[in-house]
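The structure is shown first, and the description follows.

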Amino acid sequence: MINVNLPQQPDREALLAFWASASLLVGLLLGTAAFLAGVASPAGSLLLGSGAAGLAVLAGRSRERMLDRAYKRWSKLTRAYADWARRTVTGIWYWTVFTAVGRTAGRGLKQADSAWRSRGTVPDQAYGDPGGSITGRDGVGGLRDFTGWAVRSGRAWTLFLLPMLTVLRAVDTRESRSSAPDIYTLY
Amino acid sequence: MGVLRFLLAGVTAVVAVVLTLPVVLVGAPFWIVSSLTRAFRTLVRWVQPR
C-alpha cells in the first residue's frame, strides 16, 4: 500500500505532478457530482470533469509560484489525517483483536516464551531481521519473515494484524525505512 | 488454546477491518492525490529529462 504522504522536499516535477493530481481529483468530484445530481448526462459529466481538470492544470501552470504554498497546505492536511487515522486504527484494533485475544487466551500469551534472546557472541546477521535494518534488505522478505516467525513461535493469530500493520505503515508520517518503528514489541 | 486464539483473532479481525474501512475511505482524497502525484512525477521526469 502506498504511503499517504506526499514526497518531502518537492522539486518542480513533484509540484507539477501534485497540481495535476489535485486538478484530476477536482474534475473527478465535479463530474461525479454533476452525474449524481442529474445535472448532466454521463458524457456531459465526463466533459465537465475533464474541462474543470484541464482548466485547473492550466491555471496552475500559469501561476507556478502558488504551487509550493498549495503543496504545503495539502501536506499539512495529509499529516493531520494520517495522525488521526493512526490513532483511530490502533484504537479500533486494540479494542477488537487485542482485547478479545487478551481476555480469552491471554494466559497463554503470558506463558509464551519471549522471542528476545541475549546477543552473546553470535554475529548480528545470525538473528532474525524482519525489518531489514541489519542486513540492509529494506522491506525485502519482511512479510515472509513475519509469517515464518508467527507460525514458528505459535503466534499465528498475529497474522490477522497484517491489515492493521499495512494501514499503519501507509499513514506513517515519520521517516521510516522498512517496518514501522513502534511494532517491535510484536516480535 | 492456540486454535481458539487463532479463530478468535480471525473473527475479530473481520470486525476490525469493517470498522477500519471508514477511516480509509475518509482519507480517499489523500490516497488518490498521493498515488497520482508519485505516478505523475515519474511521468513528468520521463517526458522532461533533466
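In this predicted model, helix H5 (residues 162–170) of chain A packs against H1(B) at an angle of about 20°, with the two axes 10 Å apart. That angle makes H5(A) roughly parallel to H1(B), because values under 35 degrees count as roughly parallel. The crossing of H5(A) and H1(B) is left-handed. On the side of H5(A), the residues involved are Pro163(A), Met164(A) and Val167(A), and they meet Ala13(B), Ala16(B), Val17(B), Thr20(B) and Val24(B) in H1(B). By class, this contact of H5(A) with H1(B) has 7 nonpolar residues, 1 polar residue and no charged residues.

The crossing of H1(A) and H2(B) is right-handed. H1(A) contributes Glu13(A), Ala14(A), Leu16(A), Ala17(A), Phe18(A), Ala20(A), Ser21(A), Ala22(A), Leu24(A) and Leu25(A) to the contact, while H2(B) contributes Pro29(B), Ile32(B), Val33(B), Leu36(B), Thr37(B), Phe40(B), Arg41(B), Val44(B) and Arg45(B). The residues of the contact of H1(A) with H2(B) divide into 14 nonpolar, 2 polar and 3 charged.

Within chain A, helix H1 (residues 12–36) also packs against helix H2 (residues 42–62), at an angle of about 155° and with the axes 8 Å apart. H1(A) is therefore roughly antiparallel to H2(A), and the crossing of the two is right-handed. The residues of H1(A) in this contact include Trp19(A), Ala20(A), Ser23(A), Leu24(A) and Gly27(A), and those of H2(A) include Pro42(A), Ser45(A), Leu46(A), Gly49(A) and Ala53(A). By class, the contact of H1(A) with H2(A) has 15 nonpolar, 7 polar and no charged residues. Ala20(A) and Leu24(A) of H1(A) take part in the contact with H2(A) and also in the contact with H2(B).

| Helix pair | Angle between axes | Distance between axes |
|---|---|---|
| H5(A) and H1(B) | about 20° | 10 Å |
| H1(A) and H2(A) | about 155° | 8 Å |

Taken over the whole interface, 32 residues of chain B are in contact with 37 residues of chain A. Helix H1 (2–26) and helix H2 (28–47) of chain B each supply at least two residues of the side of chain B that touches chain A. The largest share of that side, 16 residues, comes from H1(B). By class, the side of chain B that touches chain A has 20 nonpolar, 8 polar and 4 charged residues.

The secondary structure of chain B comes to 2 helices and 0 strands. The radius of gyration of chain B is 20 Å, well over the 10 Å that the globule rule gives for 50 residues, so chain B is more spread out than a compact globule. Along its principal axes, the C-alpha trace of chain B spans about 60 × 25 × 10 Å.

Confidence values complete the description. The model scores ipTM 0.83 and pTM 0.72. Chain B has a mean pLDDT of 85, with 94% of its residues at 70 or more. Chain A averages a pLDDT of 78, and 73% of its residues score at least 70. In chain A, confidence is lowest in helix H4 (residues 142–152), at a mean of 80, and highest in H1(A), at 88.

Definitions and conventions. Residues are numbered from 1 along each chain as its sequence is written. Chains are lettered from A and ligands numbered from 1 in the order in which they are written. This is a predicted model: local features need pLDDT of at least 70, side-chain atom pairs count only at pLDDT 80 or more; totals for chains, interfaces and linings use all residues. pLDDT is the predictor's confidence in each residue, from 0 to 100. Two residues are in contact if their C-beta atoms, placed from the backbone, lie within 7 Å. Helices (H or I, at least four residues) and strands (E, at least two) are DSSP runs, numbered from the N terminus. Ala, Val, Leu, Ile, Met, Phe, Trp, Tyr, Cys and Pro count as nonpolar, Asp, Glu, Lys and Arg as charged, and the others, Gly among them, as polar. Axes are lines fitted to C-alpha atoms, for helices over the stretch in contact, and angles run from 0 to 180 degrees between N-to-C directions. Angles under 35 degrees count as roughly parallel, over 145 as roughly antiparallel, 65 to 115 as roughly perpendicular and the rest as oblique. A crossing is left-handed if the near helix is turned anticlockwise from the far one by less than a right angle, and right-handed if clockwise. The radius of gyration is taken over C-alpha atoms; the globule rule is 2.2 Å times the number of residues to the power 0.38.
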